[in-house]
Amino acid sequence: MELVYAVCVGFMSACGIFLMLRGHTFTLVIGLTLLSYAVNLFLFASGGLTIGAPSVLNGSENYADPLPQALVLTAIVIGFAMTAFAVILAMRGRSDLGNDHVDGTEPFDRLAAEEKS
Amino acid sequence: MNLIDHLVIFPVLIPFFVAVALLFPSFSYSLARQRILTIAANILMVVIALVLLLKVKDQGIQVYALGDWSAPFGIVLVADAFSVLMVCLSAILGLAVIMYASAGDDKSGAFFHPLIMFQLMGINGAFLTGDAFNLFVFFEVLLIASYALMMHGGGKQRIQANIHYVFLNLIGSSLFLFALGTLYGTLGTLNFADMADRIQLLSSNELLITKSGALLLLAVFGLKAAMLPVHFWLPKAYASTSAPVAALFAIMTKVGIYSIWRVHGVMFGDQAGELANIALPWLWPIALLTIAIGAISVLASQSLRVLCSNLVIVSVGTLLVTISVNTVQASTAGIYYLLHSTIACAAMFLLAGLIQLQRGKAEDRFVTARSMPQAGILGFTFALLAIGLIGMPPLSGFVGKALILQSVTKASQAIWIWPLILGSGLIALIALSRAGTSLFWRTTGENTSALKGHPIQYLAIGLLVGILPLMVIFGGLVSDYAQLAAEQLNAGLSLQQLNEVAK
């Protein structure tokens, strides 16, 4: 189970980082969302993975660490708010700057310019 | 428990409640009432911070257990000399910023005062907290307030700089969570004192994971502090935002420095067993390079606000040097210099706002323009601040830099630090004199515009500028307190001590 979980988290963060390396706010937002999903799963696993165990002590030996779950809840709430802000900022940037590139101007694309001419 | 026992949490609670109150209709419709309430609240915060300062000096470290849950299970706020000093600094800075903004900068958009209050809440919380995850939460509080403050008033440049700033910090927050998860996985706790205790007991196969978590944390704090490879966002962000916000942001980089100090200077410091001082081999070259690159950018700056932003980067480098020297004496010097550089840079940003206003279209760029209506007083203040920022006597910049140079005793370190710090001072001298000459002397004709600074704006700048000579006159007091802070910081705090103090 640990292997599958780790591969999933790793793949998701890899996708997130790949999308974030593109220069447009739309892909950046999607990439950030993927990365924050990966972070949430990662935090969740930081207390160790257990199956079929209660999250709060009830006298039994086998229990799941409750703290990472609390941390994940906080992280989800904060991540959600931040994503909402990022989306609004991206829209504002698109309308004020006229394009959705993070630098505010599209970089000069030699290939596209040659094709046009 | 009487009220004085709850004093530690007041610097977090007051801005929070004031910010919420400002959103209610009776305040949100009247800017005058908002100004009065926030200025009153900030004066109260300065008083509380000073009371806390004296209390920590007399009675030692104060620990406040939230909800009376004892340390590893609940969240604690720890007020030691260093954190209280920083809270004091943020309160004074907040007061000056709000006074300055009350002259009209708060009119350019909605919710200026509530946002400033939320930002102060985040900053104070980040200084006071004794729990790593709580630190993350307060970082987010101060960041989301700063995102909105930075583009307050709007404008293409601000939006564009803000896109960089916001997305970089969002990535930083994700990395922060990765680092915290990693550390929690091996240490099983997020309380600073408890973490420091358990680092010594790690088994050998957990060392590498913990190390990667700690260094990831260094990258995150380095991003907030504008440490070398991740400092590119700073000049544009600080130079494009409004003057009071830029002044308040002068303390934001210091939050990053403060966290590096706490986590990598102390928690992973001398007592961390196998992982002792893991960040120092990285910090040392980065700190020196930050000074060098910052100083070169200072020379290349084309406007006063960009120049001042680059001076912030130089001061970040200087502070990182004092962290990497890693002695009580160096920390003392660093804490003194931190107070000085934050206040001087903030005052310069406020002054740049006035200069920009009075020069019309030329703004604060170093070009020939009409002379300013109030060139006399602006020029005098500029000269004072320049002396402080360069580090010339008689102001506190000189004392701060002298303390730092004095604290470097090893010849192998001195050979790098002395030339860089003195050289960056020389470069600041050249750049600031060039700035002063072109702003105040290269003028064509009289300015006919009647745009003059409001008296309260001058009062705000005067409040900050006045602290610089006071830090020299009462230099003994300040440096004694800085030494107390450095000693408490370097001694660290174990969980047992923490719980004893909490009782």
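How many helices and strands make up the secondary structure of chain B? In this predicted model, chain B comprises 21 helices and 2 strands. The legends below treat each chain and then their contact.

**Figure 1. Overall dimensions of chain B.** The C-alpha atoms of chain B occupy a box of roughly 75 × 60 × 45 Å along the principal axes.

**Figure 2. Architecture of chain A.** Chain A contains 4 helices and 0 strands, and its elements follow the order α-α-α-α from the N terminus. Its radius of gyration, 20 Å, is well over the 13 Å given by the globule rule for 117 residues, so chain A is more spread out than a compact globule. Along the principal axes, the C-alpha atoms of chain A fill a box of roughly 75 × 30 × 15 Å.

**Figure 3. Confidence along chain A.** Chain A has a mean pLDDT of 87, with 97% of its residues at 70 or more. Helix H1 (residues 2-20) of chain A has the highest confidence in the chain, at a mean of 93, whereas helix H4 (residues 110-116) of chain A has the lowest, at 81.

**Figure 4. The contact between chains A and B.** Chain A contributes 26 residues to the contact and chain B contributes 22 residues. On the side of chain A that touches chain B, H2 and helix H3 (66-97) of chain A each provide at least two residues. H3(A) accounts for the largest share of that side, with 14 residues. By class, the residues of chain A on this side comprise 18 nonpolar, 6 polar and 2 charged.

**Figure 5. Packing of helix H2 of chain A with helix H7 of chain B.** Helix H2 (residues 25-45) of chain A packs with helix H7 (residues 156-187) of chain B at an angle of about 15°, and the two axes are 9 Å apart. Because this angle falls under 35 degrees, H2(A) is roughly parallel to H7(B). The crossing of H2(A) and H7(B) is left-handed.

**Figure 6. Residues joining H2(A) and H7(B).** From H2(A), the contact is made by A:Thr25, A:Leu28, A:Leu32, A:Leu35, A:Ser36, A:Val39, A:Phe42 and A:Leu43. H7(B) contributes B:Ile163, B:Phe167, B:Leu170, B:Ser174, B:Leu177, B:Phe178 and B:Gly181. The contact of H2(A) with H7(B) has 11 nonpolar and 4 polar residues, and no charged residues.

Methods
Residues are numbered from 1 along each chain as its sequence is written. Chains are lettered from A and ligands numbered from 1 in the order in which they are written. This is a predicted model: local features need pLDDT of at least 70, side-chain atom pairs count only at pLDDT 80 or more; totals for chains, interfaces and linings use all residues. pLDDT is the predictor's confidence in each residue, from 0 to 100. Axes are lines fitted to C-alpha atoms, for helices over the stretch in contact, and angles run from 0 to 180 degrees between N-to-C directions. Angles under 35 degrees count as roughly parallel, over 145 as roughly antiparallel, 65 to 115 as roughly perpendicular and the rest as oblique. A crossing is left-handed if the near helix is turned anticlockwise from the far one by less than a right angle, and right-handed if clockwise. Two residues are in contact if their C-beta atoms, placed from the backbone, lie within 7 Å. Ala, Val, Leu, Ile, Met, Phe, Trp, Tyr, Cys and Pro count as nonpolar, Asp, Glu, Lys and Arg as charged, and the others, Gly among them, as polar. The radius of gyration is taken over C-alpha atoms; the globule rule is 2.2 Å times the number of residues to the power 0.38.
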